[in-house]
Each structure stands twice: as C-alpha cells, then as structure tokens.
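Here's a walk through the fold, taken piece by piece. Keep the viewer open and follow along.

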Amino acid sequence: MKREEYIKTDSWIDQANDFTNPNLLFAQKALSFLRKGRGVKLLHTGPEKLDCSLGDHAGGSIPNLIFKTGGTTGVPKDVVHDSMTIFSAVESLCLRTEANGFSCVQCLPLYHIGGWMQLERAWRTGGTVFFCNYRDLNQPELKKILQGRLLSLVPTQLHCLVTDSKACSNLRGCSGIFVGGAAMSEELAEMSRKEDLPIVPCYGMTETAGMITMLDYSDFAAGQNGVGSVLPNTEMRSSEKDGSICVRTKSLCHSSGLESYHANQWFETADFGIEDKIGRWNILGRLDGLINSGGEKVNPVSVQQAIMATGHVRECLVATEPNEKWGESMLAWVTPRNCPIQKIKDSLKGNLRPFEIPKKWKTVEKLPLNEAGKHNIHI
C-alpha cells in the first residue's frame, strides 16, 4: 500500500457491476481527479438521488478531499482531509485486521465518509468494489458477490435487512459487516446474533476519516455490546470537563468549518461514553443531543433503547420539540406491535424516571429513511 498514490487502472471495479451506476461513474471521475493531484469536493445533489456531484478544489502537492457534515445537528460545514490522513485511516484498519486487501459491496452514499472510505480501502489495498442499493441485498444474484466481502451499514439499514431471510442468507457470506453511524439497539444486536451475521460494530466520524474503534465479530457474537477498542494510531479518553470523548489520531482532518487541527492534537467530540477495564468503549449519546426538559437532562438514545427493550415496538425514534412550560419536551415516534401506546408507557415505569417517559407519542406504519439509511422524521 503506497502512501500517496491512487490505483492507476480500473481493476478495482468488479466486473459484475452495472457500468451505468451513477455512484460507479462518480467514483471513476473522482479517482481521475485524485490521480492528477486535484482536490475533490463531495456534494449532495438532491434528497431523492443516490448519486453526488463533483466540485474541483485545488489542493497542494497532496490532493484534498472535502466532505460536508453537521447538517443534522447544526449548520453544515466543510471537513478537509488529504491523501495522508485518509491513508492513515486505511492503514489503521489494515494493522488491526491484518488483512492484505479489502473488497467491498458499496451501498452507502459516497458523499458520506462511511461510503467514501470503502472506496479508499479497496483502492489502496488492491481490492474490488461492487455498487448496489442496500434494499437489493436480498437478491439471489448478490449471494455470490457478497461472499468474502466487507459491507458497511447503519443500524436502520441493518434493521430492514435482518428480518428478511433471503437477505440474511446473503449477508452471512460477508467477511464482515461494519455497523456505525448510530448505536445498535440491544434488540437489533440480538436479532443479528440469532441470524449469525458477521457484525462488526464501530465508531468514528467525518473528522477522523471514519472508524477509529471496532468490536471484533467474535466478541460481538459472544454477546459483547458497544463499539470495541481503538484502532492502531489512535487514542481516546473522556474529558474531565464534561465527559465528552476526546480523540487523538493520525487520521484527524486538517480542518472542520473554521477550526484547524494539527496531527498530534486532541480533538473534542460532541459524544460521550464509557470505557471498560480492558479498553472497550460504549457510546452513550451526544452532549448536543441531550434534551433539557424542566431543568432535567435526558438522553434520547437511552429512552429509545428502553422503548425498544419493551418488545412492544418494531422501530422507535425519540425527538424533541419546543415546549412553553418545560423548554423542550420529548416526542416518541413508534411502530407498535399491535400494542396500545398506554401499554408501552406502562412498561417503561421502573426502567425510566417519570420525566424520561415521553409525554407525546405518534404511531407510524414505518419510520421513513433517507438515502443514507437514517431516520428522516421532521417535526
């Protein structure tokens, strides 16, 4: 694996691909820019499209990669990486897995770091890439293609697939299924274990060029939850100030919005979590996602997990809305399993404090997903 060079041929494209796939065409175009030392800005062209467009951003001697992030929690900002930080991210995964090459099935949007890094791993290790929509992973013709390959999903995508017997049969052939972007519920984890899926929970962000921790499949299969231990070239700790997770890694971006970073500094995230005695992490939520209701801080992720643990709902999303009396109040969107809302609320008593139980509930047949496979609810 060469530090500053991208693969010079199209040998990375699996021949089973549909060669008119817009993500494949975009990846070819982006790669041609990077080979020439030109920067690439990854953009989203529309809410209903899975492709993305290319903007030329001139880098220095090493081409820049620019991602947009922060749109779900604030004003979108540019996150700038280059070939060196991306290389470090791929190198860390190689060192951890001791793999010689990464081939993958790519079904995440390429303007997201999780989608883009699958290309980088294949390009830099001599692997191949097959492009498809995650909803097609139950198709019989994909069974052979998935065999021995890596796949990256977010939990909501996995939730859609784990109840499909044909999809599970195909997914068992993967060498690993990285699951990140949000926490897995205990129910989803157990369903995945029951189906013997090779799940590898992980944690990372755009600023770190993707994953910086992973939980080995053997530990996950044995019942361990969380996102595992840090990858090589990375350190993590909890801030003494507010408990936020701080990261120091060789794959840290050069800048995010108006903030610039250098290689050896600690980066303070908006996430908080705990580390066990042997160095495995569990991410508990986001500091900027806490709901302040009547002076009480509530973690919506914990509330979602408690609602899912009742066994009375298939899906759940806890959101916040303004409230004149309390400042903020919780709103729970759920897909019940033939169960009245009151029964769900009664099941939460004793597991959640009274102020943690949502006051407002809305039922839907299915929670809508955006093209990244994340819940797309607008209050």
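## The four-stranded sheet

In what order do the strands of the open sheet of four strands come, and how do they pair? The order is β12-β13-β16-β17, and the pairing is antiparallel. On the edges sit β12 (234-238) and β17 (281-286), each of which pairs on one side only. Going from one strand to the next, the twist averages 45 degrees. Keep in mind that what you're looking at is a predicted model.

Now zoom in on β16 (residues 267-275) and β17, an antiparallel pair joined by five bridges. If you want landmarks, F272 is opposite G285 in β17, and I274 faces N282 in β17. These two strands form a hairpin with five residues between them, where G279 takes a positive phi near 90 degrees.

For a parallel example, look at β5 (residues 104-106) and β7 (residues 150-153), which are linked by two bridges. C104 has L150 as its bridge partner in β7.

## Where α5 meets α7

The axes of α5 (residues 155-162) and α7 (residues 186-194) come within 10 Å and cross at roughly 45 degrees. That angle is why α5 counts as oblique to α7. The crossing of α5 past α7 is left-handed.

Which residues make the contact? From α5 it's P155, L158, H159 and V162, and they meet E187, L188, M191 and S192 of α7. Sorted by class, the contact of α5 with α7 has five nonpolar, two polar and one charged residues.

## Where α2 meets α3

Another helix pair to check out is α2 (residues 83-97) with α3 (residues 113-125). Their axes come within 10 Å and cross at roughly 80 degrees, so α2 is roughly perpendicular to α3.

On the α2 side, the contact uses S83, I86, F87, A89, V90, L93 and C94. On the α3 side, you'll find M117, E120, R121, R124 and T125. By class, the contact of α2 with α3 splits into seven nonpolar, two polar and three charged residues.

The protein has a mean pLDDT of 85, with 86% of its residues at 70 or more. Among its elements, β11 has the highest mean pLDDT (98), while strand β2 (residues 52-57) has the lowest (46).

Over residues 46-54, pLDDT stays under 50, and the model has 28 contacts for them beyond four places in sequence. Residues 56-60 also stay under 50, with 12 contacts beyond four places in sequence.

Notes
Residues are numbered from 1 along each chain as its sequence is written. This is a predicted model: local features need pLDDT of at least 70, side-chain atom pairs count only at pLDDT 80 or more; totals for chains, interfaces and linings use all residues. Side-chain values use heavy atoms; hydrogens and water are left out. Axes are lines fitted to C-alpha atoms, for helices over the stretch in contact, and angles run from 0 to 180 degrees between N-to-C directions. Angles under 35 degrees count as roughly parallel, over 145 as roughly antiparallel, 65 to 115 as roughly perpendicular and the rest as oblique. A crossing is left-handed if the near helix is turned anticlockwise from the far one by less than a right angle, and right-handed if clockwise. Contact means heavy atoms within 4.5 Å. Ala, Val, Leu, Ile, Met, Phe, Trp, Tyr, Cys and Pro count as nonpolar, Asp, Glu, Lys and Arg as charged, and the others, Gly among them, as polar. Two strands pair if DSSP finds at least two bridges between them. pLDDT is the predictor's confidence in each residue, from 0 to 100.
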